[in-house]
Amino acid sequence: MESELTLMAVHAHPDDEVLSTGGIFARYAEEGVRTVLVTCTNGEQGDGPGGVKPGEPGHDEDAVRERRLAELRDSVAHLGIEHVELLGYRDSGMVGWDANTRDDVFANIPLAQSAAKLTALMDKYRPQVLVTYDENGGYGHPDHIQAHRVAVVAAEAQRERRGLPHKLYHTAMPRSGFRAMGSLLREAGVEFDFDFDELPEDFGTPDEKITTHVDVRSYVDRKRKALAAHASQADNIFFLRLPDDLLPQVLGTEAFVRVKSDVAVPDDEDDLFAGIR
Ligand SMILES: [Zn+2]
């Protein structure tokens with residue numbers, strides 16, 4: 001007999017939990033699945049109070065951390081996530097930022113050390129389904145790439161010992177979704193400075209790689225509230241500037257690439273727990 005159904009998602013910063021997995025957290029929590037969010041860093045390289053950017057005078061990492069962890073608690077409450085586990089590492093910043101070179105940032109912590117922390121959490125919760133980013137961390141941020149590595153190493157260790165998780169997924173942003181969003185915004189007269197028709201080569205996930213689409217339209221309002229909870233980072237959250245009536249189309253489906261499964265799955269998968277329930 002399977003133990004309690006459990007979903008664990010491994011993210012890099014406070015706020016990353018919302019866009020790609022906020023809907024599955026809300027949906028599965030409502031269905032009675034135990035939900036666990038692991039956030040690897042405290043997001044110290046985010047914007048400070050008053051919109052002060054990292055590296056600018058007056059950017060106080062301690063203040064940013066406290067603010068962002070408080071925002072994370074609000075976001076998690078909106079999404080109904082049952083357990084939040086913080087690995088507590090320092091934010092490494094975007095590629096090329098000063099923080100990259102520090103020994104104590106997440107991306108520079110020896111993998112064995114951070115993976116051991118995650119393995120301990122997997123021992124505690126025994127998730128059947130684990131979700132994290134792809135090898136490129138979705139968009140190349142050093143902490144997202146490191147979160148991916150940590151999750152893969154910990155999952156391998158756990159599979160050898162316990163045969164769990166049964167399924168491993170990468171979050172995905174379908175390239176076609178970006179193009180559709182571009183035309184939607186154009187029709188709605190929303191201004192944006194990004195060419196959705198000429199996506200950079202490595203941007204988003206090729207549609208043919210996506211194995212799983214989960215319908216989360218009923219949870220879009222909660223995703224919006226969770227995003228808004230991360231108010232200190234609002235400058236960087238494009239979706240908060242979209243009109244509410246476009247959100248169901250933009251945020252109503254979450255897509256994934258199933259990279260491992262030891263259970264039989266349907267061709268057109270719409271449930272991360274398919275084959276396990
Ligand atoms: Zn992030």
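## Salt bridge between Arg277 and Glu31

Arginine 277 forms a salt bridge with glutamate 31, with 2.9 Å between the closest N and O atoms. Arginine 277 belongs to the segment after β7 (253–261), and glutamate 31 to the loop between α2 (22–30) and β2 (34–41), so the pair ties together parts that are 246 residues apart in sequence. The model is predicted.

Arginine 277 is exposed, at a relative accessible area of 53%, whereas glutamate 31 is partly exposed, at 38%.

## Other salt bridges

Arginine 102 pairs with glutamate 61, the closest N and O atoms lying 3.3 Å apart.

Arginine 102 is partly exposed, with 29% relative accessible area, while glutamate 61 is buried, with 18%. A further salt bridge connects the side chains of lysine 53 and aspartate 47, at 2.8 Å from N to O. Here lysine 53 is partly exposed at 26% relative accessibility, and aspartate 47 is buried at 5%. The count for the model comes to 29 salt bridges.

## Packing of α3 and α7

The axes of helix α3 (residues 61–79) and helix α7 (residues 220–229) come within 8 Å and cross at roughly 175 degrees. Helix α3 is therefore roughly antiparallel to α7. On the α3 side, the contact is made by Glu71, Asp74, Ser75, His78 and Leu79; α7 contributes Arg222, Lys223, Lys225, Ala226 and Ala229. By class, this contact has five charged, three nonpolar and two polar residues.

Methods: Residues are numbered from 1 along each chain as its sequence is written. This is a predicted model: local features need pLDDT of at least 70, side-chain atom pairs count only at pLDDT 80 or more; totals for chains, interfaces and linings use all residues. Side-chain values use heavy atoms; hydrogens and water are left out. Axes are lines fitted to C-alpha atoms, for helices over the stretch in contact, and angles run from 0 to 180 degrees between N-to-C directions. Helices (H or I, at least four residues) and strands (E, at least two) are DSSP runs, numbered from the N terminus. Angles under 35 degrees count as roughly parallel, over 145 as roughly antiparallel, 65 to 115 as roughly perpendicular and the rest as oblique. Contact means heavy atoms within 4.5 Å. Ala, Val, Leu, Ile, Met, Phe, Trp, Tyr, Cys and Pro count as nonpolar, Asp, Glu, Lys and Arg as charged, and the others, Gly among them, as polar. A salt bridge is a side-chain nitrogen of Lys or Arg within 4 Å of a carboxyl oxygen of Asp or Glu. Buried means under 20% relative accessible area, exposed over 50%, partly exposed in between (1.4 Å probe, protein chains only).
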